[in-house]
Amino acid sequence: MGDVSVGRTLDAAWAVDWLRRSAEVIAENRVKLIELDREIGDGDHGENMDRGFQAILVKLAEGEPETPGAVFKLAAMTLMSKVGGAAGPLYGTAFLRAATAAGDEAALDSGLLAAALAGARDGVVARGKAEVGEKTMIDAWAPAVDAAAAAVAAGASPAAVLDAAATAARAGAESTDPLVARKGRASYLGERAIGHRDPGAESSALILRAAADAAASGAGA
Amino acid sequence: MKKLINDPKSVVDESVEGFGLAHASHVTVHPDPLFVTRKDAPRAGKVGLISGGGSGHEPLHAGYVGYGMLDAAVPGAMFTSPTPDQIIPATLAANSGAGVVHIVKNYTGDVLNFEMAAEMAQAEGVEVRTVLVNDDVAVEDSLYTAGRRGVAGTVLVEKIAGAAAERGDNLDAVAAIGQRVNDNVRSMGVALSACTVPHAGVPSFDLAENEIEIGIGIHGEPGRHRIPMENADGITDRLLEPILTDLKPAVGEKVLLFVNGMGGTPASELYIVYRHAAKALEAAGLVVERSLVGNYITALEMQGCSISVLRLDAEMTELWDAPVNTPALRWGM
């Protein structure tokens, strides 16, 4: 578990820091994500995600929203309009549902944070209609949400909730390696997809780790 | 990688800008968000037809904007579907009040982005119908995949539904004939080499010198299986066999035979494929009534081709023959 000594709520400054850290880690992993997608897709995931998160940085430079919900909504609208592919609508819907769950609250406690993550997962499921085990983003998001709920039940701080979610998302992304894909372009490969990680699950794990890192650093605590 | 580009990040913008300059009498290019409209869109009383998808398939889709085909096209980034903020203004620009048909290739990204855009355009009062093109028989088991992909049959859907819209058919009728074309066309492709997406800089898959990939899609994504290189007639048989098995045309039926180049195969080779395919269809008792041969839906510089067979009826034939005047397809006017 991460640093549980930080505060009991996370505010807009944390949410902004999360997006900035996400942009950084996506840029660092751009080539890796392209390479993963080249193996079982069409090689555009790293490029598209990088374009989307760089656009988020531009939006944040124009003005930072005042609530976590508003930050999530900014991310949703920007990713929907800049990413394209399947990832744009999927991440866009995820952040939009997280924004709805966060509402107008100035800061999120552990329970609301877990609800926002659950909203994000539900958004990805509603848009992409994928289930666990089909070698998609859901293989990272579903265990992350479950781990977050368990951490909340154990009385964890928001930072510890996010650390649990990020750890589970990482394991979930790695769990896609041996799977046959049943959704998206990789599904056309049949058994040839085995041995390759799903690029969307990988980017999801990176982004959820960025959320935990932002919380652990104390931004918005 | 050697490509005639300036900057990998500006390939689509610069290419579409050049397209607009070259075809200024046909189209208007809207740069931000990027979409292309027919010069005289929207046409009063006419159902609007729009399509879009990742770039790299030129002349699809912008090349088919014009009289008798599309009212608007929405180019995404290279091999990446366009986004709702492009599709929505294109839909509004194509709407004369008679509604708009979205022609969408069945790829997860295209489907999700057009679905979101259709919901939002409908919220703004535009009636939208969607024709989902899924003609690729290479996908054998749609229960465990994202379903059959939309490939070369898309060109035939756009031409025939476009002609129906041009003659004044209403929204549901245009969507219905587009669906009818999709229901009666099957396609199968082969790659002899991969293609290189500019920002990736390396080929999208690795194919050995003596290997070919059967069942290729149009995004450089690998197909179903690899086999050693064969001669043109042998490859043609391999493409045609699953098409006919799936389409099950009756003896004496009339068909349109479409041999499409993937971008890196010369017309001379496409005609060698056409020659054998046409003879094979006639040997199977079919009547090849119409034909199309050339690079109409490509995958950058990939070497290879696809074969499509469309079962024709009298109305589809009449709409196929109807005048069309677009940058990439023109006859009868």
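This is a predicted model: local features need pLDDT of at least 70, side-chain atom pairs count only at pLDDT 80 or more; totals for chains, interfaces and linings use all residues.

Visitor: Which domains does the domain assignment give for chain B, and how far apart do their C-alpha centres lie?
Guide: The assignment for chain B gives domain 1, which is made of residues 8-183 together with 321-327, and domain 2, which covers residues 185-314. Taking the C-alpha centres of domain 1 and domain 2 of chain B, the distance between them is 23 Å.

Visitor: Which helix of chain B gives the most residues to the side of domain 1 that touches domain 2?
Guide: In this contact, 24 residues of domain 1 of chain B meet 29 residues of domain 2 of chain B. On the side of domain 1, at least two residues each are supplied by helix 4 (153-166) and helix 5 (171-183) of chain B. By class, that side of domain 1 has 13 nonpolar, six polar and five charged residues. The element that gives the most to it, with four residues, is helix 4 of chain B.

Visitor: Which residue is the bridge partner of B:Thr28 in strand 2 of chain B?
Guide: Strands of a sheet pair through backbone hydrogen bonds, and they do so in either a parallel or an antiparallel way. Strand 1 and strand 2 (residues 34-38) of chain B pair in the antiparallel sense, over five bridges. Within strand 2 of chain B, the bridge partner of B:Thr28 is B:Thr37.

Visitor: Where is B:His61, which has a cis peptide bond from B:Leu60?
Guide: The peptide bond from B:Leu60 to B:His61 is cis, with omega near -10°. As for its place in chain B, B:His61 is in the loop between strand 3 and strand 4.

Visitor: Why is one side of strand 9 and of strand 11 of chain B left without a neighbour in the sheet?
Guide: These strands belong to an open sheet of six strands in chain B, with the order 9-8-7-12-10-11 and mixed pairing. Strand 9 (225-228) and strand 11 (287-294) of chain B stand at the edges, so one side of each is left without a neighbour in the sheet, and what each has is a single partner strand.

Visitor: Which residue of strand 12 of chain B is the bridge partner of B:Val190?
Guide: Strand 7 (residues 185-191) and strand 12 (residues 304-311) of chain B run antiparallel and are joined by seven bridges. For B:Val190, the bridge partner in strand 12 of chain B is B:Cys305.

Visitor: Which element of chain B gives the most to the side that touches chain A?
Guide: Between the chains, 27 residues of chain B are in contact with 25 residues of chain A. Two or more residues of the side of chain B come from each of strand 4 (72-78), helix 2 (84-94) and helix 3 (108-123) of chain B. That side divides into 12 nonpolar, 13 polar and two charged residues. The element that gives the most to it, with five residues, is helix 3 of chain B.

Visitor: How do helix 4 and helix 5 of chain A run relative to each other, parallel or antiparallel?
Guide: Helix 4 (residues 68-82) and helix 5 (residues 87-102) of chain A pack with their axes 8 Å apart, at an angle of about 165°. Angles over 145 degrees count as roughly antiparallel. Therefore helix 4 of chain A, relative to helix 5 of chain A, is roughly antiparallel.

Key: Residues are numbered from 1 along each chain as its sequence is written. Chains are lettered from A and ligands numbered from 1 in the order in which they are written. Axes are lines fitted to C-alpha atoms, for helices over the stretch in contact, and angles run from 0 to 180 degrees between N-to-C directions. Angles under 35 degrees count as roughly parallel, over 145 as roughly antiparallel, 65 to 115 as roughly perpendicular and the rest as oblique. Two residues are in contact if their C-beta atoms, placed from the backbone, lie within 7 Å. Ala, Val, Leu, Ile, Met, Phe, Trp, Tyr, Cys and Pro count as nonpolar, Asp, Glu, Lys and Arg as charged, and the others, Gly among them, as polar. Domain bounds come from an automatic or database domain assignment. Two strands pair if DSSP finds at least two bridges between them.
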